Structures are given as C-alpha cells and as structure tokens.
Amino acid sequence: MNNLKKILTLGLLLSAVLCYGQHNQNHEKIKSLKVAFITEKLDLSSKEAQAFWPIYNDYEEKREALRRKERTEIRAKIKDANSLSEKEAKLLLEKYISFEDEEEKLDKAFLTQINKVITAKKTLLLLRSEEEFKRQLIRQYRHKKGGGGGFR
C-alpha cells in the first residue's frame, strides 16, 4: 500500500511537471513567433535590430513581472469582491490604480527609449504589429479550439 502511494504521488508530480513543461514550450514557441512577426513587420536593419531587441526584451520581462504581481496581489482578490469589506475593497482599488499607473510609466519609458533606436514610424508599426500578432494568436486559438468562440 505504501508503494502504491509513492507511485501515485510520483505520477501526479510527473504529470504536473509535464503540463508545466508543455505550457513553457508553448510560451517559448509563441515568443519565437512574435519575434519573427515583429522582425518582419518592422523590417529592422541589423544595426537597428542589435539596439532594438535588448530594449524590447527588457521591457517585455518587466511588463510580464508586473502582470504576474498584479495577478497574484489583485486579480485573485477581485474575484472575491463580494466578500470584501468596503475598506478592503477601497484599498484593493487603490492598489489596482497604482498598478495601472506603474504599467503606464513602464510603457511611456519604453516608447521613449525605443524611439531613440528606431524611427517614430517604426515605433508606431511596432504598436500596430503587437496588436496584429495578438489578434492573430487569438484567432488561431479559437480555430484550434473548434469554432470561433463568442466574441468577434
């Protein structure tokens, strides 16, 4: 019986690791596709690319860290908004606004910095390309899941 528990525990652990690994592989695949998509859309010279990608990657890392922090500190609690006191809700709302401000500062700093290494036109193309990539990714996800979903 003790061996059966060990085998079941090991099986659950392995399946969790495999699921995480699959998620991580998908995340890396999407990241690679995004880099290729942006590279093609912006038509960066080698000099521009050499300056652009370190700044962009740093921005993406900071933005993802901020979003992870927001998810853990705010989003989970918003789901339970009905159980919060008014005081707790007010503090959570203030924290949410603070995260929004922080994200806006990060975006502004990135756009200012990136505009020093690529033209304003390419910076605008970058913004458009990110949105296009996101839409295309969602479209493919819906198609893969079998149908298109509710929103259009």
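**Pocket, helices and salt bridges**

Author: The largest pocket has a volume of about 1,500 Å³, and please keep in mind from the start that this is a predicted model.

Reader: ok, and which residues lie nearest the centre of that largest pocket?

Author: His27, Ile30, Lys31, Phe133 and Leu137 lie nearest its centre, and they belong to a lining of 34 residues. The elements that each give two or more residues to this lining are helix H1 (2–42), helix H2 (46–79) and helix H4 (120–144).

Reader: which helix gives the largest share of the lining?

Author: That is H1, which supplies twelve of the lining residues.

Reader: and what classes of residue are in the lining?

Author: Sorted by class, the lining holds 16 charged residues, twelve nonpolar ones and six polar ones.

Reader: how much of the chain is buried?

Author: Of its 152 residues, 20% count as buried. As for contacts between residues with a separation of 6 or more, 67% of them join residues 24 or more positions apart.

Reader: now the charged side chains. how many salt bridges are there?

Author: The structure holds 13 salt bridges. In one of them, the side chains of Glu60 and Lys34 meet at 3.3 Å, taken from N to O. Because Glu60 lies in helix H2 and Lys34 in helix H1, this pair ties together parts that are 26 residues apart in sequence.

Reader: is Lys34 buried or exposed?

Author: Lys34 counts as buried, because its relative accessibility is 17% and the cut-off for buried is under 20%. Lys34 is also part of a network of salt bridges in which it is linked with Glu60 and Arg63.

Reader: what about Lys62, which residue does it form a salt bridge with?

Author: Lys62 pairs with Asp58, and their closest N and O atoms are 3.1 Å apart. Both residues lie in helix H2, four residues apart, which is about one turn of the helix.

Reader: why would residues four places apart point the same way?

Author: An α-helix has 3.6 residues a turn, so residues three or four places apart point the same way. In this pair, Lys62 is partly exposed with a relative accessible area of 46%, and Asp58 is partly exposed with 35%.

Reader: which residue meets Arg67 in a salt bridge?

Author: The side chain of Glu103 meets that of Arg67, at 3.5 Å from N to O. Glu103 lies in helix H3 (residues 86–114) and Arg67 in helix H2, so the pair ties together parts that are 36 residues apart in sequence. Glu103 is buried, at 17% relative accessible area, whereas Arg67 is partly exposed, at 31%.

Reader: which other residues in H3 are buried?

Author: Along with Glu103, the buried residues in H3 are Leu92, Phe99, Leu106, Phe110 and Ile114. The buried residues of H3 pack against H2 and H4.

Reader: last one, what span should H3 have?

Author: At 1.5 Å a residue, the 29 residues of H3 should span 42 Å, and its end C-alpha atoms are 42 Å apart, which agrees.

Note on methods: Residues are numbered from 1 along each chain as its sequence is written. This is a predicted model: local features need pLDDT of at least 70, side-chain atom pairs count only at pLDDT 80 or more; totals for chains, interfaces and linings use all residues. Side-chain values use heavy atoms; hydrogens and water are left out. On a 1 Å grid over the protein atoms alone, a cavity is a set of points where a 1.4 Å probe fits but cannot get out, and a pocket is an open set with protein on both sides within 12 Å along at least five of seven lines; lining residues have an atom within 4 Å of a point. Grid points are joined across faces, edges and corners, and a volume is the space filled by probe spheres set on the points. Ala, Val, Leu, Ile, Met, Phe, Trp, Tyr, Cys and Pro count as nonpolar, Asp, Glu, Lys and Arg as charged, and the others, Gly among them, as polar. A salt bridge is a side-chain nitrogen of Lys or Arg within 4 Å of a carboxyl oxygen of Asp or Glu. Buried means under 20% relative accessible area, exposed over 50%, partly exposed in between (1.4 Å probe, protein chains only). The expected span of a helix is 1.5 Å times one less than its number of residues. Contact means heavy atoms within 4.5 Å.
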